[in-house]
Amino acid sequence: MDFETLKDPFLQVLGEFHALPDALAVLHSRSGRFSGRCEVVRGEGWVVGTLLGLGRFPKSSPDQPVSLTIERTSSEWVWSRDFGGHKTVSHIRLDAHTGWVKEEIGNIRIWFKPRFEAGMLHIDIKALSVFGLPCPSFLLPRSASIEFADEEGRFAFDISARVPGLGLLIRYKGWLTPDHFFPAEC
């Protein structure tokens, strides 16, 4: 297998990533298990609740344990998140047609364009589909999602999405540290 096909899709889009803080570079370059704490805030209303259910997103909680297991296959990275017992699995790969990161969570497909700016990885939503139906641009969630190294040098995240006219969809923020790395793929 060619290393480029196994390289984290976010790093593929960014290109050179030597400027990333160590905590981000480690999480985006290694298969393994990470754990920490996070806060989850879900938006209100039945439409938001339905959308979050389709994506299998966790319930709101002011402070809960979170773990992330990252595994590589020949074609994608699988991120298995455990928010205090609630599991959310996503399949992440580089979309060759758009050049963006494509994440599949349940019946939702999201295309991101990451950018590195001011010491942080910003993750902008570029497109979304539900059950294969594209989201119109005027309803496309707006994201203020960032990944960074916190003051203790840990991988930190603040992931959020707002839907025009509906408000907050979801926001989860917290930190992770490595527990165990899986053996390198050959």
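**Rings, burial and strand pairing**

Reply: Phe83 and Tyr172 are both buried, where buried stands for under 20% relative accessible area, exposed for over 50% and partly exposed for what lies in between, with a 1.4 Å probe and protein chains only. This is a predicted model, in which local features need pLDDT of at least 70 and side-chain atom pairs count only at pLDDT 80 or more, while totals for chains, interfaces and linings use all residues. Residues are numbered from 1 along each chain as its sequence is written, and side-chain values use heavy atoms, with hydrogens and water left out.

Me: How many aromatic pairs are there?

Reply: Rings of Phe, Tyr and Trp (its six-membered ring) pair if their centres lie within 6.5 Å, and planes under 30 degrees apart count as stacked, over 60 as edge-to-face and the rest as tilted. By this rule there are five aromatic pairs. Phe83 and Tyr172 form an edge-to-face pair, with 5.3 Å from centre to centre and 80 degrees between the planes. This pair links distant parts of the chain, 89 residues apart, with Phe83 in strand E3 (residues 77-83) and Tyr172 in strand E12 (residues 167-181). Strands (E, at least two residues) are DSSP runs numbered from the N terminus, as are helices (H or I, at least four). Phe83 and Tyr172 also belong to one aromatic cluster with Phe155 and Phe157.

Me: Is Val40 buried or exposed?

Reply: Val40, which is found in strand E1 (residues 32-42), counts as buried because its relative accessibility is 2%. Contact means heavy atoms within 4.5 Å, and, leaving aside neighbours within four places in sequence, the residues in contact with Val40 include Phe83, Ile170 and Tyr172. The C-alpha atoms of Val40 and Asp63 are separated by 7.6 Å, although these residues are 23 places apart along the chain.

Me: Which strand does E5 pair with, and in what sense?

Reply: Two strands pair if DSSP finds at least two bridges between them. Strand E5 (residues 101-105) pairs with strand E6 (residues 108-117) in the antiparallel sense over five bridges, and Lys102 has Trp111 in E6 as its bridge partner. E5 and E6 form a hairpin with two residues between them, and Gly106 in the turn has a positive phi of about 60 degrees. E6 is in turn joined by ten bridges to strand E7 (residues 120-130), again running antiparallel, and Arg115 has His122 in E7 as its bridge partner. The hairpin of E6 and E7 likewise has two residues between the strands, with Ala118 in the turn at a positive phi of about 55 degrees.
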